[in-house]
Amino acid sequence: MLENFKEFCEINSPSGDEKSIRERILSEISPFCECATDRNGNIIAFKKGKKRSAVKLMVDAHLDEVGIIISAVTPDGFLKFQVLGGIKPSVLLCRKVIINDSVVGVIGCKPIHLTEGEEGKKLPSTDALYIDIGCSTRAQAENLVSIGDSGVIMSDFVALSDNCVKAKAIDDRAGCYILVELLKKSSEYDFYATFTVGEELGCRGAKTAAFTVNPEAALVLEATTAADIDGVSDENRVCVLGNGPAVSFMDRGTVYDRDLFSAAVNSGIPCQVKRAVAGGNNAGEIHLSREGVRTLAISVPCRYIHTPSSICDIRDIENAERLAVYMINKICSGEV
């Protein structure tokens with residue numbers, strides 16, 4: 001399990017440039033289901049089960065990860081950029097980036113000994129940062145990079161313990177990994193699977209994928225913030241690594257279907273209620289599609305989400321897969 005998940009996390013596919021992870025997933029799932037790519041770059045797959053489903057179900061995970069996009073090249077060869085998704089400036093400072101899977105650079109800013117007064121006490125804004133790719137002229141830099149090219153912060157995949165790993169892109173390669181495993185294994189019921197683009201930029205792919213599939217119910221497989229860290233009170237920890245996937249009752253985009261929520265938390269499979277009404281995911285668009293879609297989110301807890309040093313517990317991924325199978329069977333049988 002660990003090797004395949006590692007490879008998913010190490011693939012660089014920021015929002016708007018999901019080709020690499022899409023091709024890898026298509027190569028994994030094509031022997032096990034019907035699948036195609038739509039005009040937006042979403043994968044839409046149909047898994048044939050042993051039985052016909054009583055409810056048309058869509059199970060979704062997003063392909064993209066947070067990253068950066070080049071917005072300008074300065075006369076002295078530095079690259080200006082904007083972020084793709086929610087990344088704080090503190091995460092960016094002096095980090096190594098890779099653009100177009102080939103050009104390596106460092107995110108730089110004014111050094112501390114050149115800042116004075118209040119400027120030296122504050123984090124610089126993203127607009128004040130730049131990428132240094134070792135060029136000294138605009139022409140030299142433009143031979144390597146063009147405006148509109150995108151990239152990610154580089155990071156190694158590291159096993160920290162028997163259960164925890166550190167990597168970039170756990171959001172949402174954890175969900176992609178789970179959904180790939182569901183498609184590769186035998187299923188009791190038919191269901192649709194979507195791997196969608198542009199979640200970090202506003203759930204763009206999920207909107208069109210849900211319109212195409214037109215499901216009656218949906219499961220969203222995600223990663224979510226875990227704040228089980230030093231200095232955070234128990235009621236603010238959101239969810240805890242090792243306690244199973246987090247099941248949401250509400251976030252900033254969705255009030256989740258109450259019957260689906262209750263079925264999940266009472267399944268007997270290790271899971272936890274997400275203790276925060278915060279954030280959002282593809283459910284925000286999916287549950288509003290067409291006539292409306294009954295929706296549930298199953299999320300892998302992730303410390304330091306949207307950073308290149310995210311941490312998750314492999315046992316939570318395993319239990320998220322178990323819970324997804326349980327909910328697929330409950331929904332598709334018509335029991336819930």
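Is the crossing of α1 and α5 left-handed or right-handed? The legends below begin with that pair of helices. The model is predicted, so that local features need pLDDT of at least 70 and side-chain atom pairs count only at pLDDT 80 or more, while totals for chains, interfaces and linings use all residues. Residues are numbered from 1 along each chain as its sequence is written, and side-chain values use heavy atoms, with hydrogens and water left out.

**View 1. Helices α1 and α5 pack against each other.** Two packed helices are described by the angle between their axes and the distance between the axes. Helix α1 (residues 2-10) meets α5 at an angle of about 135°, and their axes are 9 Å apart. This makes α1 oblique to α5; angles under 35 degrees count as roughly parallel, over 145 as roughly antiparallel, 65 to 115 as roughly perpendicular and the rest as oblique. The crossing of α1 and α5 is right-handed, a term used if the near helix is turned clockwise from the far one by less than a right angle. Helices (H or I, at least four residues) and strands (E, at least two) are DSSP runs, numbered from the N terminus.

**View 2. A cis peptide bond joins aspartate 171 to aspartate 172.** The omega of this bond is near 10°. Aspartate 172 belongs to helix α5, which covers residues 170-184. Most peptide bonds, by contrast, are trans.

**View 3. Asparagine 100 and valine 238 have a positive phi.** Most residues other than glycine have a negative phi. Asparagine 100, in the loop between β6 (96-99) and β7 (103-108), has a phi of about 55°. With a relative accessible area of 34%, asparagine 100 is partly exposed; buried means under 20% relative accessible area, exposed over 50%, and partly exposed in between (1.4 Å probe, protein chains only). Valine 238 has a phi of about 65° and lies in the loop between β13 (217-225) and β14. Its relative accessibility of 11% makes valine 238 buried.

**View 4. Glycine 134 is exposed in a loop.** The loop runs between β8 (130-132) and α4 (138-142), and glycine 134 has a relative accessible area of 60%. Glycine 134 and methionine 154 are 20 residues apart in sequence, and their C-alpha atoms are 17 Å apart in space.

**View 5. Valine 255 is exposed in a loop.** This residue has 58% relative accessibility and is placed between β14 (246-247) and α7 (258-265).

Terms used. Axes are lines fitted to C-alpha atoms, for helices over the stretch in contact, and angles run from 0 to 180 degrees between N-to-C directions.
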